[in-house]
Amino acid sequence: MSGLVIKLGPHERVLINGAVIENGDRRSRLAIMTPNAHILRLRDAIHPEEVNTPVRRVCYIAQLVLSGDVGPAEAHGQLLRGIEQLSQVLTDPDSRLQLSLASKAVLEDQHYQALKHLRSLLPREERLMALGPQ
C-alpha cells in the first residue's frame with residue numbers, strides 16, 4: 001500500500017495498524033508510506049450485525065484483515081471463494097470487472113483495494129435485494 005493517500009473530513013476516524021486516529025477540525029490528507037499497512041476508514045466499517053448479505057459478508061472478511069483481526073493467509077481462501085460465489089450471481093460487465101479487480105487485489109495482498117472494489121457492489125446488491133425473488 002505504499003503511497004496511499006487518504007483524505008479525511010473533520011473529526012473523521014481511521015484505523016491504521018490497530019490504532020484509531022481521529023482527524024482534527026479541518027479536512028486533511030494522510031499519506032501512508034508504509035507498505036502493507038492495515039487501514040480502515042471507520043465510517044466505512046461494517047459492523048458484525050450488518051453482515052446480512054453476500055456482498056457484505058465478503059466485504060467483512062476483507063475488513064477483518066484490515067483491522068488486524070484475521071491474518072491475510074487465513075482470509076485468502078475465504079475471500080477468493082466469496083468472490084467466486086458472487087461472480088456466479090453478479091454477471092453484468094461492471095460487476096464482473098469489480099470482482100476481477102477485487103480478486104486480483106486479494107492475490108496481491110492488497111486488501112484495502114479489494115475492499116474498495118467489493119464495496120462498489122453494495123448499491124447494486126441493495127437494488128437487487130429490493131426487487132425480491134423473481
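This is a predicted model: local features need pLDDT of at least 70, side-chain atom pairs count only at pLDDT 80 or more; totals for chains, interfaces and linings use all residues.
Three strands make an open sheet, in the order S3-S2-S5, with antiparallel pairing. S3, residues 19-22, and S5 are the edge strands, each of them pairing on one side only. From one strand to the next, the twist averages 25°. As background, strands of a sheet pair through backbone hydrogen bonds, either parallel or antiparallel.

Now the individual pairings. S2 and S3 run antiparallel and are joined by four bridges. If you want a pair to click on there, take Ile 16, whose bridge partner in S3 is Ala 19. On the S5 side, S2 pairs over three bridges, again in the antiparallel sense. The pair to click on here is Leu 15 with Leu 40 in S5.

While we're on S2, let me stop at Val 14, which is found in that strand. Is Val 14 buried or exposed? Buried: its relative accessible area is 0%. So what does Val 14 contact, if we leave aside neighbours within four places in sequence? There are Ile 6 and Leu 8, then Ala 19, Val 20 and Ile 21, then Leu 30, and finally Ile 39, Leu 40, Arg 41 and Leu 42. For a sense of distance, Ala 62 is 48 residues from Val 14 in sequence, and the two C-alpha atoms are 16 Å apart in space.

Next, the loops, where two residues do something with phi. Most residues other than glycine have a negative phi. Asn 17 isn't a glycine, yet it has a positive phi of about 50°. Where is Asn 17 found? It's in the loop between S2 and S3, and that hairpin has two residues between its strands. Asn 17 counts as partly exposed, because its relative accessibility is 47%. The other one is His 11, also not a glycine, with a positive phi of about 60°. His 11 lies in the loop between S1 and S2, and at 44% relative accessibility it counts as partly exposed.

That brings us to S1. S1 runs antiparallel to S4, residues 28-32, and five bridges join them. In a regular strand, side chains alternate between the two faces of the sheet. Which residues of S1 are on the covered face, and which on the uncovered one? Leu 4, Ile 6 and Leu 8 make up the covered face, while Val 5 and Lys 7 are on the uncovered one.

Follow Lys 7 across and you get to Arg 29, which stands opposite it in S4. Arg 29 counts as exposed, because its relative accessibility is 57%, and the cut-off for exposed is over 50%. Not counting residues up to four places away in sequence, Arg 29 touches Val 5, Ile 6 and Lys 7.

In soluble globular proteins, nonpolar side chains tend to be buried together. The largest nonpolar core here has 37 residues, and the members touching the most others are Ile 39 and Leu 118. Which elements supply at least two residues each? Among the strands, that's S1 (4-8), S2 (13-16) and S5 (39-41). Among the helices, it's H1 (54-67), H2 (72-89), H3 (93-107) and H4 (111-119). H1 gives the largest share, nine residues.

Last stop, H1 and H2. Their axes come within 9 Å and cross at roughly 160°. That is over the 145-degree cut-off, so H1 is roughly antiparallel to H2. The crossing of H1 past H2 is left-handed.

And which residues meet there? From H1 it's Pro 54, Val 55, Arg 57, Val 58, Ile 61, Ala 62 and Val 65. From H2 it's Pro 72, Ala 75, Gln 78, Leu 79, Gly 82, Ile 83, Gln 85 and Leu 86.

Definitions and conventions: Residues are numbered from 1 along each chain as its sequence is written. Side-chain values use heavy atoms; hydrogens and water are left out. A nonpolar core is a set of buried Ala, Val, Leu, Ile, Met, Phe, Trp, Tyr and Cys residues joined through side-chain atoms within 4.5 Å. Buried means under 20% relative accessible area, exposed over 50%, partly exposed in between (1.4 Å probe, protein chains only). Two strands pair if DSSP finds at least two bridges between them. Axes are lines fitted to C-alpha atoms, for helices over the stretch in contact, and angles run from 0 to 180 degrees between N-to-C directions. Angles under 35 degrees count as roughly parallel, over 145 as roughly antiparallel, 65 to 115 as roughly perpendicular and the rest as oblique. A crossing is left-handed if the near helix is turned anticlockwise from the far one by less than a right angle, and right-handed if clockwise. Contact means heavy atoms within 4.5 Å.
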